[in-house]
Amino acid sequence: MPRRRLDPAAQLRGQKLAFCLTQARRTSGRSAEAVAHSAGISVETVRSIEKGRTFTPEFFTVAALATELGLSLDELYAGVRQPAQNNLHAPDGASADTSSPADLPTGA
């Protein structure tokens, strides 16, 4: 059975998730390879999420990445659900980049 095409709102949530996770990883100063290894997932999965090719990653994948990056799932969910507010913080407590994920190119 073919996979259903995601609606634009779901695609936007996926882009916001990619933005939040990428910013948290960059702020941490870690490579995608290091985060993937520590989280126990493949680097291809991390790159696919960060590049917006995977709009709806599995829950445990997101949970592992959030844990590895020092983000709570509540915080990550709020960053994805809030249209104009991206209040995620880096693991050391410094604010993450708050540029708008709406500026991201639409995914593959």
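This is a predicted model: local features need pLDDT of at least 70, side-chain atom pairs count only at pLDDT 80 or more; totals for chains, interfaces and linings use all residues.
Select Arg53 to start: at 46% relative accessibility, Arg53 counts as partly exposed. Buried means under 20% relative accessible area and exposed over 50%, with partly exposed in between (1.4 Å probe, protein chains only). Arg53 sits in the loop between α3 and α4.

Residues are numbered from 1 along each chain as its sequence is written, and side-chain values use heavy atoms, with hydrogens and water left out.

**Overall layout**

Switch to a cartoon view. The protein has five helices and zero strands, and from the N terminus on the elements run α-α-α-α-α. Helices (H or I, at least four residues) and strands (E, at least two) are DSSP runs, numbered from the N terminus. Buried residues make up 38% of the 108 residues in the protein.

**Helix α1**

Select Gly14, which is in helix α1. At 2% relative accessibility, Gly14 counts as buried.

Thr22 is buried, with a relative accessible area of 8%. Where does the side chain of Thr22 reach? Show the backbone of Ala18: the side chain of Thr22 reaches the backbone oxygen of Ala18 at 2.7 Å.

**The core**

Select Leu21, Leu65, Leu71 and Leu76. These are the residues with the most contacts inside the largest nonpolar core, which has 19 residues. A nonpolar core is a set of buried Ala, Val, Leu, Ile, Met, Phe, Trp, Tyr and Cys residues joined through side-chain atoms within 4.5 Å. Which helices each supply at least two residues of this core? They are α1 (8-28), α2 (32-39), α3 (43-50), α4 and α5 (73-81). In soluble globular proteins, nonpolar side chains tend to be buried together.

**Salt bridges**

The structure holds three salt bridges. A salt bridge is a side-chain nitrogen of Lys or Arg within 4 Å of a carboxyl oxygen of Asp or Glu. Side chains of opposite charge can pair when their charged atoms come close.

- Select Glu50 and Arg25. Glu50 forms a salt bridge with Arg25, the closest N and O atoms being 2.6 Å apart. The pair links distant parts of the chain, with Glu50 in helix α3 and Arg25 in helix α1, 25 residues apart. Both Glu50 and Arg25 are buried.
- Select Arg30 and Glu68. Their side chains meet in a salt bridge at 3.2 Å, N to O. This pair also links distant parts of the chain: Arg30 is in the loop between α1 and α2, and Glu68 is in helix α4, 38 residues apart. Arg30 counts as partly exposed at 24% relative accessibility, and Glu68 is partly exposed with a relative accessible area of 26%.
- Select Glu33 and Arg47. Glu33 forms a salt bridge with Arg47, and the closest N and O atoms are 2.1 Å apart. The pair links distant parts of the chain, Glu33 lying in helix α2 and Arg47 in helix α3, 14 residues apart. Glu33 counts as partly exposed at 39% relative accessibility; Arg47 is partly exposed, with a relative accessible area of 34%.

**The phenylalanine pair**

Finish at Phe59, in helix α4 (residues 59-68). Is Phe59 buried or exposed? Phe59 is exposed, with a relative accessible area of 52%, and Phe60 is exposed as well.

Show both rings. Rings of Phe, Tyr and Trp (its six-membered ring) pair if their centres lie within 6.5 Å; planes under 30 degrees apart count as stacked, over 60 as edge-to-face and the rest as tilted. By this rule the count comes to one aromatic pair. The rings of Phe59 and Phe60 have centres 5.1 Å apart and planes at 80°, so the pair is edge-to-face.

Technical notes: A polar contact is a pair of N or O atoms within 3.5 Å; within protein, one must be able to donate a hydrogen and the other to accept it, and residues adjacent in sequence count only if both atoms are side-chain atoms.
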